Amino acid sequence: MSPFSFPEESNSLVKKYLSQKICKNLEHKKTESGFTLAKAVNSGLKNPDSKIGIYAGDAQSYQTFSLIFDPVISKYHGEKNLKHKSDINELNLPAIDPEKKYIQSTRIRIARNLKGFNFSCNMDLSQRRDLEKKIIRALNCLQKSFKGNYFSFEHDDKKELKQLENENILFHKGDRFQDAAGINSDFPKCRGVYHSFDKKLMVWINEEDHLRIISLEKTSDLSSVYNRLCRAVSALNQNLDFAWDKAYGHLSCCPTNIGTSMRASVHIQLGKLERKKEFLFKLIKAYNLQIRGTKGEKTKIENAVFDVSNRQRLGISESGIIKNLHAGLMAIIKAEKAL
């Protein structure tokens, strides 16, 4: 039993693994930025339906509180021997949906945090401002097709921001899980979105992580979307130093996002497989994918349009994720055609 007063109905991983012995070992420890175990688990304490219930306040959190982070990470990611290998290199994959009958759009995002800065749940306003300025300077150095504009939630025209919201370019204040963790503090100050002029590259600043880098198209061209992301990350990496660990990979505020910190997804219309969901779920499981609702997590399937994405983020490389998603989509479309 954990000495923290977790709700009785809570089944979070942090509640499961935070034993009296581990808690006694960790409860008085702090990272150099002053982040504590109590701050790390606050979201899990406040939200009985939290599945994970723990956040990292800085890169050092993963080492200082490894006695609790390691079992949570191993259970969630299904990886016992933690060691991440990155491979974010361009690919040339065969067309998935050349007839343009099934896949409506493709979107790939990665999360990144900068070395030397606290993570989003452990930042004051001055740190957020410094971070925002540093990222904007790097974005302003982007060239060619990546050139674009930055829109500040704090300073820009409300009508212009509303238009971006209508185009699903903006992000919103975090949910109650993030709020309890401290991620929403000072919102909307020091938050904003950069998008390239062609709107195929977006960068969110100070959402759950310091950056969310997003490549997207209303096509099924997985290689094109992924390769754009690879080039953008490489360009940003010339001016920004990302937080990285040899065991955990890219470090994120939420331990569910470590490793590649990548979510590669498509919107795919499957009118026949919608009526054969058991068969569809078998294919999803076979290729280690997952399904979300049409408008994202915890939403319904509308007009037989599924959001299909990778399930793995740790223990697999970036290019491995894309190859796996490609193979799974090929199998899904083949099955849809055969029905």
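These questions and answers concern a predicted model. Local features need pLDDT of at least 70, side-chain atom pairs count only at pLDDT 80 or more, and totals for chains, interfaces and linings use all residues. Residues are numbered from 1 along each chain as its sequence is written, and side-chain values use heavy atoms, with hydrogens and water left out.

Reader: How many helices and strands are in the protein?

Author: Both are DSSP runs, numbered from the N terminus. A helix is H or I over at least four residues; a strand is E over at least two. The protein has 11 helices and 10 strands.

Reader: What is the radius of gyration of the protein?

Author: The radius is taken over C-alpha atoms, and the globule rule is 2.2 Å times the number of residues to the power 0.38. For 339 residues that rule gives 20 Å, and the protein is close to it, so it is as compact as a globular protein of that length. Its radius of gyration is 20 Å.

Reader: What share of the residues of the protein count as buried?

Author: Buried means under 20% relative accessible area, exposed over 50%, and partly exposed in between (1.4 Å probe, protein chains only). The protein has 339 residues. The buried share is 53%.

Reader: Which residue forms a salt bridge with Arg231?

Author: A salt bridge puts a side-chain nitrogen of Lys or Arg within 4 Å of a carboxyl oxygen of Asp or Glu. Here the N to O distance is 3.5 Å. The pair links distant parts of the chain, 141 residues apart: Arg231 lies in helix α9 (residues 222-237), its partner in the loop between α5 (66-77) and β1 (103-112). That partner is Glu90.

Reader: How many residues apart are Glu99 and Lys337?

Author: Their side chains meet in a salt bridge at 3.8 Å, N to O. Glu99 sits in the loop between α5 and β1, Lys337 in helix α11 (residues 318-338). The pair links distant parts of the chain, and its separation is 238 residues.

Reader: Which residues do salt bridges that share partners join into one network with Asp209?

Author: Asp209 is buried at 0% relative accessible area. Arg212 is buried at 8%. The closest N and O atoms of these two are 3.4 Å apart. The network joins Asp209 with Glu207, Glu208 and Arg212.
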